[in-house]
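Q: Can we walk through this protein together? I'd like to start with a helix and then move to the pockets.

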Amino acid sequence: MSTMGDGTRAVRAGLPEPQQYEPTLPGPVFAAHYHLSGEPTGPYTYGRDANPTWDRLERAIGELEAPGEDVETTVFASGMAAISAVLLSQARTGDIVVLPDDGYQALPLVRAQLEEYGVEVRTAPTGGDGQLAVLEGARLLWIETPSNPGLDVCDVRRLVEAAHAGGTLVAVDNTLATVLGQRPLELGADFSVASDTKGLTGHGDLLLGHVTCRDAGLAASVRRWRKVVGAIPGPMEAWLAHRSLATLELRIDRQCANALALAEALSAHPAVSGLRYPGLPTDPSHAVASRQMRRFGSVVSFVLADRETAERFLLALRLVEDATSFGGVRSTAERRARWGGDAVPEGFIRFSVGAENIADLVADVERALSEAVTGR
Ligand SMILES: *Cc1c(COP(=O)(O)O)cnc(C)c1O
């Protein structure tokens with residue numbers, strides 16, 4: 001299987017051997033505890049420790065993260081649970097951790113928590129491999145590429161090489177690219193981490209996260225952390241996620257093609273500035289992205305004149321919902337500055353491109369832009 005195409009592997013990922021009269025993907029197992037007599041050993045004892053529905057999903061994600069390799073995946077209740085599991089299980093008082101200064105908007109909360117525990121946190125920009133300059137003596141480097149929402153890209157192999165030379169572990173938040181867009185472990189990272197709330201599951205109806213490691217010791221520390229804090233996914237969410245993986249390649253390919261086409265249409269538009277999409281040949285990130293990404297993702301960002309123009313644009317859209325999050329089959333967009341926290345202009349739009357027909361989407365966006373600009 002490992003040499004086959006992404007679509008073939010996605011539809012079969014994590015499936016058990018066929019069993020007479022059993023479904024292809026067994027349904028979710030709802031259990032707080034399992035029948036257990038005698039010594040408390042074996043795979044399934046208590047529901048916080050293990051669940052067959054998680055096991056199948058973890059195997060599936062692992063097969064996509066590192067085809068043909070022996071890796072270990074741990075699923076979590078959300079992307080933040082997965083992120084915190086890596087950072088808080090690895091960093092000790094007195095350690096140094098390097099974060100991006102343009103990463104996911106909840107990272108500053110994690111930073112504050114780490115600092116309360118006596119961890120020194122340094123930050124630097126994703127673009128231009130800015131984190132290289134602050135690596136000295138660090139225990140862990142946290143990379144987010146492409147960064148969210150700015151869509152800057154850093155050279156993962158280059159950062160990993162420098163980090164490992166100094167004994168620094170590397171984690172990559174791969175949420176935006178998904179496993180089909182980028183393989184952090186292949187690029188040398190120790191932890192591949194993602195919010196599967198986004199493109200991996202793609203329907204905007206559940207929260208989930210995961211961490212995949214090649215090293216068994218690191219994987220065990222992450223898994224232990226899940227048990228300690230109890231940040232476990234519900235069996236229904238895990239099953240829905242596994243079901244969604246079957247269409248992963250279809251969704252991601254369509255959404256990436258749509259994102260490129262939308263970016264091309266926007267690049268010619270007089271009302272749009274600061275357009276970013278790593279798949280666009282003219283994008284500052286394109287050269288590095290082409291070397292390490294297998295698909296460029298479904299998020300496009302750009303800037304409109306001001307807050308009012310951006311708000312009129314969002315209101316005028318008919319096929320695109322004003323909502324946060326990204327990676328879903330239905331296009332969404334938002335004025336990112338409404339949250340505060342990200343260093344973006346008032347008119348900055350983060351646009352998550354869905355699986356609609358591209359002609360309809362471009363027409364809707366162009367009509368909404370002209371209404372926003374003319375005020376009609
Ligand atoms: C959404 C997101 C997260 C957090 O994931 P949740 O599932 O919402 O907890 C982390 N990193 C990135 C890049 C994200 O976009």
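**Helix and pockets**

A: Helix α8 (residues 248-267) has 20 residues and spans 28 Å from first C-alpha to last, close to the 28 Å expected at 1.5 Å a residue. Helices here are DSSP runs of H or I, at least four residues, numbered from the N terminus. The expected span is 1.5 Å times one less than the number of residues. This is a predicted model: local features need pLDDT of at least 70, side-chain atom pairs count only at pLDDT 80 or more, and totals for chains, interfaces and linings use all residues. Residues are numbered from 1 along each chain as its sequence is written, and side-chain values use heavy atoms, without hydrogens and water.

Q: Which residues in α8 are buried?
A: Among them are L248, R251, I252, Q255 and L266. Buried means under 20% relative accessible area (1.4 Å probe, protein chains only).

Q: New topic. What volume does the largest pocket have?
A: About 450 Å³. Of its 31 lining residues, S195, T197, K198, S325 and F326 are the closest to the centre. A pocket is an open set of points on a 1 Å grid over the protein atoms alone, where a 1.4 Å probe fits, with protein on both sides within 12 Å along at least five of seven lines; lining residues have an atom within 4 Å of a point. A volume is the space filled by probe spheres set on the points, which are joined across faces, edges and corners.

Q: Where does the largest pocket lie?
A: Domain 1 (6-245) and domain 2 (248-374) both line the largest pocket, so it lies between them. The domain bounds come from an automatic or database assignment.

Q: And what about the volume of the second largest pocket?
A: About 370 Å³.

Definitions and conventions: Helix = DSSP H or I, 4+ residues; strand = E, 2+ residues; numbered from the N terminus. Buried < 20%, exposed > 50% of the residue type's maximum accessible area, 1.4 Å probe, protein only.
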